[in-house]
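Visitor: I am new to this structure and would like to be walked through it. Could we look at it together?

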Amino acid sequence: MSDARPPTRTQSICHAELDLGPRLTAARFHELAAAPLTVEWFANLGNLRTRRAYRLDLSEFMAYTGIAETGEFRLVTRAHVLAWRASLEARSLSGSTIRRKLAALSSLFDYLCDRHAVSSNPVRGVRRPKVDCTEGKTPALADHEARALLDVAPIDSAKGTRDRALLAVLLFHGLRRTELCALRVRDVLLRSGLLHFRVHGKGGKIRHLPLHPQAAERLYTYLELAGHGSTPDAPLFQSLRTAGATLTPDGVYKIVQAWSARAGLSVSGLGVHGLRATAATCALEHGADLAQVQAWLGHANISTTRLYDRRHQRPENSPSFKVNY
């Protein structure tokens, strides 16, 4: 009688001929095992723009303090951080830029604390400069300007039909231009009996937004003319120059700029983000809850949503027009 035991599940998996693609070489395995904690921290930053900015910020701090390797971060004290903050202020950097740099350093130290590489976060307790302005700088359109932009593109051309739908999607749903470019035909779907957009937002977060009737009508007119509405994997908004190619964020910006000029809008700095602020302001003005608008826009922090509220900037909302003798 054999004493051999059946292989465990782990052994079975290890010994199976699994098609896992290229394996790690021994050298690469040991290279990853010895990777500094700063590399791990960078790898966990999901947003590429944040990663680039934080990498620059950390490089600046390391250059300022003369730190060459991760182990030296345990020697950093609050005095070093205060000296660095003073050097940043001496360069006349904006308050928001200094706050971001300190936030990057604090994020790293929090990570190092979690990994027991340092005993405390020296950035905590360091005063951060006030933001230069609590009011967002992104311009927003008045209602009549938004309507003019919605109706400026002609319906007798492929470009006009596409751009009318694109402008409606932006103004009625407050999407970021990267979110609009990421939309596929399959991202227009039924939920609870209503058509929704499945929006792929920052950090891989997905949110579902009901389609506004006007945007839905224009979108289906565009898809019927363009002919790719029955192809689920096709980009929703496509280039007219290259068949099947998605619009780029830069292309969307140029579309907004061109039609804004055609509509005679003289709003300084107006871009796609301005249409996002317009959508948020209009929703709030017509009774939408601030927390709902936060989720609708995909903001992680409600304070960001408040910066998109331009109701107090609209002349038509001035108390002057509320006076009635």
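**A guided conversation**

Guide: Let us begin with a turn: strands E2 and E3 form a hairpin with five residues between them, and Gly 203 in that turn has a positive phi of about 70°. Please keep in mind that this is a predicted model.

Visitor: How do E2 and E3 pair, and over how many bridges?

Guide: E2 and E3 pair in the antiparallel sense, over five bridges. Among the paired residues, Val 199 has Arg 207 in E3 as its bridge partner, and His 200 stands opposite Ile 206 in E3.

Visitor: What holds strands of a sheet together in general?

Guide: Strands of a sheet pair through backbone hydrogen bonds, in either a parallel or an antiparallel manner.

Visitor: What is the order of the strands in the open sheet?

Guide: The order is E1-E2-E3, three strands with antiparallel pairing. Strands E1 (188-191) and E3 (206-210) are at the edges with a single partner strand each, so one side of each has no neighbour in the sheet. Ignoring direction, neighbouring strands of this sheet are turned by 45° against each other on average.

Visitor: And what about E1 and E2, how many residues lie between them?

Guide: There are two residues between E1 and E2, which form a hairpin. Ser 192, in the turn, has a positive phi of about 55°. The pairing of E1 with strand E2 (residues 194-200) is antiparallel and runs over four bridges. Arg 191 has Leu 194 in E2 as its bridge partner, and Leu 189 stands opposite His 196 in E2.

Visitor: Back to E3. Which residues are on its covered face, and which on its uncovered one?

Guide: Arg 207 and Leu 209 make up the covered face of E3, while Ile 206, His 208 and Pro 210 make up the uncovered one. In a regular strand the side chains alternate between the two faces of the sheet.

Visitor: Is Arg 207 buried or exposed?

Guide: Arg 207 is buried, because its relative accessible area is 11%, and the cut-off for buried is under 20%.

Visitor: What does Arg 207 touch?

Guide: Not counting residues up to four places away in sequence, Arg 207 touches a list of residues that includes Leu 175, Arg 176, Glu 179, Phe 197, Arg 276 and Trp 296. A polar atom of the Arg 207 side chain lies 2.7 Å from the backbone oxygen of Trp 296.

Visitor: Changing topic: where does Arg 218 lie?

Guide: Arg 218 lies in helix H10 (residues 213-226). Arg 218 is buried, with a relative accessible area of 11%.

Visitor: Which residues is Arg 218 in contact with?

Guide: Leaving aside neighbours within four places in sequence, Arg 218 is in contact with Arg 147, Leu 150, Asp 151, Arg 164, Ala 165 and Ala 168. The side chain of Arg 218 reaches the backbone oxygen of Leu 150 at 2.6 Å. As for Leu 167, this residue is 51 residues from Arg 218 in sequence, and their C-alpha atoms are 9.7 Å apart in space.

Visitor: Which helix holds Glu 145?

Guide: Glu 145 is found in helix H7 (residues 143-152). The Glu 145 side chain reaches the backbone nitrogen of Ala 142 at 2.8 Å. Beyond residues up to four places away in sequence, Glu 145 touches Leu 265 and Val 267.

Visitor: Now the whole chain, please. How many helices and strands does the chain have?

Guide: The chain has 14 helices and three strands. Of its 325 residues, 37% count as buried. The chain exposes about 19400 Å², with carbon and sulfur atoms supplying 54% of that area. Among contacts with a separation of 6 or more, 59% come from residues 24 or more positions apart.

Visitor: What is the mean pLDDT of the chain?

Guide: The mean pLDDT is 83, and 80% of the residues reach 70 or more.

Methods
Residues are numbered from 1 along each chain as its sequence is written. Side-chain values use heavy atoms; hydrogens and water are left out. pLDDT is the predictor's confidence in each residue, from 0 to 100. A polar contact is a pair of N or O atoms within 3.5 Å; within protein, one must be able to donate a hydrogen and the other to accept it, and residues adjacent in sequence count only if both atoms are side-chain atoms. Contact means heavy atoms within 4.5 Å. Buried means under 20% relative accessible area, exposed over 50%, partly exposed in between (1.4 Å probe, protein chains only). Accessible areas come from the Shrake-Rupley method with a 1.4 Å probe; for residues, only the protein chains shown count as cover. Two strands pair if DSSP finds at least two bridges between them. Axes are lines fitted to C-alpha atoms, for helices over the stretch in contact, and angles run from 0 to 180 degrees between N-to-C directions.
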